[in-house]
Amino acid sequence: MPLLLVSCSVMKPVAQAPTQSQPKDAFSAYISKYSGMAVDQMKQYGIPASITLAQGLLESDAGRSTLATKCNNHFGIKCHSDWTGKKMYHDDDERQECFRCYKDASDSYRDHSLFLVNGARYQSLFKLGTTDYKGWAKGLKAAGYATSPTYADKLIELIERYGLDRYDGKNGVRLKPGQIPHQPLLVNGQRCVRLREGETLKDIAREYGMQLSLLRRFNEVDRKFTPPVGTLVFLERKKSRADKEHRTYKVRKGDSLWSISQQFGVRMKPLANRNNLSDENPLSVGMTLLLR
């Protein structure tokens, strides 16, 4: 079964929307620097770029907070037991809580997206369009993202003051009328979605603003082949080996090298080479494959 990334807690917002006494330039500079990153996340996960930017502005005080400057942590995401990277201890709800440190800001932005995508209480938000920033702001507050009673109002104020909604809409996830965005999964550390009934790879490529040829290459299929319903479709290049939790696999009836490759997020050529598969030594039911 594919594994979802476990959700993590976030630090409560410490910044306020800019007032007359706060330098507007810091907020404008932050938007200029990170708007592209927010749009990339919107295309991949369906979260309005305006919401991501507004949250980043609040949580990081426009990139000036200690967590942002020393740890590239723009959303106050805490460590929890599954975090193995660098850490920083900082007073928040309790004294000296553990927060994640990232190599760069893009990792923080991606972690924030995954926190929302994989959080059960936020799933209803993904039924909203990427232009409904007010619905997202109010939904985040209702779902308990922040304790401040004015959290939604602060996000909306920032979005409207700086026109952040200009990054939404046509730059976002491209959906057919009435289509619900996919909720990306992580399999072997790579982003993927499940192909739904009536969909084609062309539909997924359109939704994520990708070239169809690139999506086919990531999934090792040609233009004549349409994967069956329920198949994992990878939005990134698969890896050469499976994760540590999946070292071997016993071949079952109906399996193919391609279907196993998709199931575990492993490219076919490395998988075949690792198991000495060839025309003379084909895949067979009952065979135990080495996945890493």
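Select strands S3, S4 and S5, which form an open sheet of three strands in the order S3-S4-S5, with antiparallel pairing. The model is predicted: local features need pLDDT of at least 70 and side-chain atom pairs count only at pLDDT 80 or more, while totals for chains, interfaces and linings use all residues. Residues are numbered from 1 along each chain as its sequence is written, and side-chain values use heavy atoms, with hydrogens and water left out. Helices (H or I, at least four residues) and strands (E, at least two) are DSSP runs numbered from the N terminus; two strands pair if DSSP finds at least two bridges between them.

Angles run from 0 to 180 degrees between N-to-C directions, and axes are lines fitted to C-alpha atoms, for helices over the stretch in contact.

Now select strand S4 (residues 190-194), which pairs with S5 in the antiparallel sense over three bridges. Val193 has Val233 in S5 as its bridge partner. Contact here means heavy atoms within 4.5 Å.

Move to helix H5 (residues 133-142) and helix H6 (residues 151-162), whose axes lie 8 Å apart at an angle of about 155°. H5 and H6 are therefore roughly antiparallel to each other, a term for angles over 145 degrees. Show the side chains of the contact, among them Tyr133, Ala137 and Leu140 of H5 and Leu155, Ile156 and Ile159 of H6.

Within H5, display Tyr133, Gly135, Trp136, Ala137, Gly139 and Leu140, which are buried (under 20% relative accessible area, with a 1.4 Å probe and protein chains only). Their cover includes helix H2 (49-60), H4 and H6. Just after H5, Gly144 takes a positive phi of about 90°.

Finish at Leu116 in helix H4 (residues 105-117). Which residues does Leu116 touch, not counting those up to four places away in sequence? They are Ile47, Gln55, Tyr122, Gln123, Phe126, Trp136, Leu140 and Tyr145. Leu116 is buried, with a relative accessible area of 0%. Its C-alpha atom and that of Tyr45, 71 residues apart along the chain, are separated by 9.2 Å.

Conventions:
Parallel < 35°, antiparallel > 145°, perpendicular 65-115°, else oblique. Buried < 20%, exposed > 50% of the residue type's maximum accessible area, 1.4 Å probe, protein only.
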